[in-house]
Amino acid sequence: MTGIAITFLLLALLLVWGGLIASILFLRSRPELAAYPAGGDDDHREDDAPSIRDT
Amino acid sequence: MSATPAPQAAAPPREQWTGQVGFILAAIGSAVGLGNIWRFPGVAYENGGGAFLIPYLVALITAGIPILFLDYAIGHRFRGSAPSAFRRLGGPRSGRWLEGLGWFQVAIAFVIGLYYTVVIAWALSYFVFSFDLRWGEDPASFFTGEYLQVGDPGLSLEFVPGVLIPLAIVWILVIAVLAAGVAKGVQRANVIFLPLLVVAFAVLVVRALFLDGAAEGLNALFTPNWEALGDPNVWIAAYSQIFFSLSIAFGIMITYASYRKRKANLTAPGLVVAFANSSFEILAGIGVFATLGFFAFQQGVAVSELEGLTGVGLSFITFPAIVSQMPGGPIFGVLFFGSLTMAGFTSLLSVLQVVSAAFQEKFGLSPRQAAVRVGGVSAILSILIFSTTTGLLALDTADQWANNIGIVASAVLSTVLVIWVLRKGSELRFHLNAVSTFRVGKVWIFLVGVLAPVVLTYMLISRIIALIVDGYADLPPWYLGLLGWGTIAFIIVAAVVFTMLRWKRDPDDFTAWPEYAVLTKEGRS
């Protein structure tokens, strides 16, 4: 490979993969806010949906 | 003709991802698709090589990530599929007609689902063909002749069993996954297939790097052509690549974000998703061009003399030809077509979840009912239109219009309506910052409200003019009218019809959290 092509290959890896690593590290260091606004109790569930009849 | 909701019992609790990692994997699985493997490498090569990195990163940061955040904010704040979310965003005054934008996006996803499945079915066939290099000496005529049996442009009902059978298999699998729900279906499939895809593709790239001529291929891809940066079309190509690659602006990320719990970080995982998508593109660029370098070396030509460097031609004609010439070719073929199948499948799940979620909410269906009904209708249409001898042309045409006009129009409409007409930019920015650890500044509103619509409108208008003036792929005008413009007409009609139908459960019985108080007005200048 030529020097300039290697430079740009490394640059691409540095910027894009580096961006990925940086964003993962950022997320790991700050996974969630310490305090949320009041309310917002979840409307969620992790299990199966209750069966709903659509007749 | 009634959009008046019928008040019913309170909405059932919403499905959700099991956690942050589950969401991130599913969102990456959605973003990493066929385009990462077969589109990015060729686009980068043709638009400046190493120099393309600059417009590409600029597009990622100024348009890709901001629109991704916009989708996240809409889906997460208004907790619904595209129609519910846009309706709630519009509020009592504008909600009813804004719901139409949601259905416009759902209809695009529906159309894309019909043919995206077909490409995955081809990849699955070629995965099997790789074991005995069934395409023989002439992969081009094998693909269009023996395999697809391509006929004249038209509408034929002459089915091609070699396509129909894998297509039916893909539809059965996708319906089964969607029916299992968000956590046990979509997330689980991504948790399995995404790591498998990365490993399989990484093995392929390492193998490719050791082929003769690989260095020449990488030289071709990474040597910068600085003059390209002065060409506006190169910048448009970068914005298009980022835009189409990230699965933004047609409901996917709205739907996926709606399955996060309310107190969930949005922007920081969004950065991981966006950079992971681009990281896979760079990896694909290295793998594809190292392989193309080998091909050029074998033929004793320069990489610049090769043809078929993107899309269907790259995957189903050029790559099979290369695999045939390579020591250990069958393994390489299995890795490549296996990767293509997995990348496509996880993206397909997200496309169809957009449709399934919208039907669940509007018609009060369970995930299973929606998967079976939406998937069943889609499967029949998909098989009727695309597993026949005219399937390839129909696919190519529908794809051209659904993507370049449908999705781009959807993005222009979303950004202009949300930021300019409804002036929801501040509220959505407030929402992102209220739940996320990576704060977005006011510049975000400028990027999604001004820069993105300007670039996207230019892309949209120039494409419409080109398609009207030049037609497409030398196909007859009546055919383009039917399958190209007809696709857009179908999407618009579907958007209007589904907006007018009655809701099973009142979608407006909803309070956005956290409350966006008027006091934030003082923050405005």
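Mentor: Let's begin with overall size: a compact globule of 525 residues would have a radius of gyration near 24 Å, and chain B has 22 Å, which agrees. That radius is taken over C-alpha atoms, and the globule rule is 2.2 Å times the number of residues to the power 0.38. Bear in mind that this is a predicted model, where local features need pLDDT of at least 70, side-chain atom pairs count only at pLDDT 80 or more, and totals for chains, interfaces and linings use all residues. As for labels, residues are numbered from 1 along each chain as its sequence is written, while chains are lettered from A and ligands numbered from 1 in the order in which they are written.

The C-alpha trace of chain B spans about 70 × 50 × 45 Å along its principal axes. Its secondary structure comes to 19 helices and one strand (DSSP runs numbered from the N terminus: H or I of at least four residues for helices, E of at least two for strands). Of its 525 residues, 59% are buried, meaning that 20 or more other C-beta atoms, placed from the backbone, lie within 10 Å of a residue's own.

Now the close look: α18 of chain B, residues 443-470. Its 28 residues at 1.5 Å each should span 40 Å, and the end C-alpha atoms are 38 Å apart, which agrees; the expected span is 1.5 Å times one less than the number of residues. Still, α18(B) has a kink of about 35° at B:Ala452, shortly before the proline B:Pro453. That bend is the angle between axes fitted to the seven residues ending there and the seven starting there.

B:Ala452 and B:Pro453 are both among the buried residues of α18(B), together with B:Trp444, B:Leu447, B:Val448, B:Val455, B:Leu456 and B:Met459. The cover over these buried residues includes α4 (53-77), along with α10 (232-245), α16 (391-421) and α17 of chain B. Just past the helix, B:Gly471 takes a positive phi of about 70°.

Since 10 of its 12 residues are buried, α1(B) is largely enclosed by the rest of the structure. Its buried residues, including B:Phe23 and B:Ile28, pack against α8 (182-209), α10, α11 (252-258), α12 and α14 (329-363) of chain B.

Next, the partner chain. In all, 44 residues of chain B are in contact with 37 residues of chain A (C-beta atoms, placed from the backbone, within 7 Å). The elements of chain B giving two or more residues to that side include α4 and α17 (425-435), and α12(B) gives the most, with nine residues.

How far to trust it? The mean pLDDT of chain B is 95, with 96% of its residues at 70 or more; pLDDT is the predictor's confidence in each residue, from 0 to 100. It stays under 50 over residues 1-9 and over residues 520-525 of chain B. Where pLDDT is low, the predicted coordinates should not be read in detail. For the complex, the predictor gives an ipTM of 0.93 and a pTM of 0.94.

Conventions
Two residues are in contact if their C-beta atoms, placed from the backbone, lie within 7 Å.
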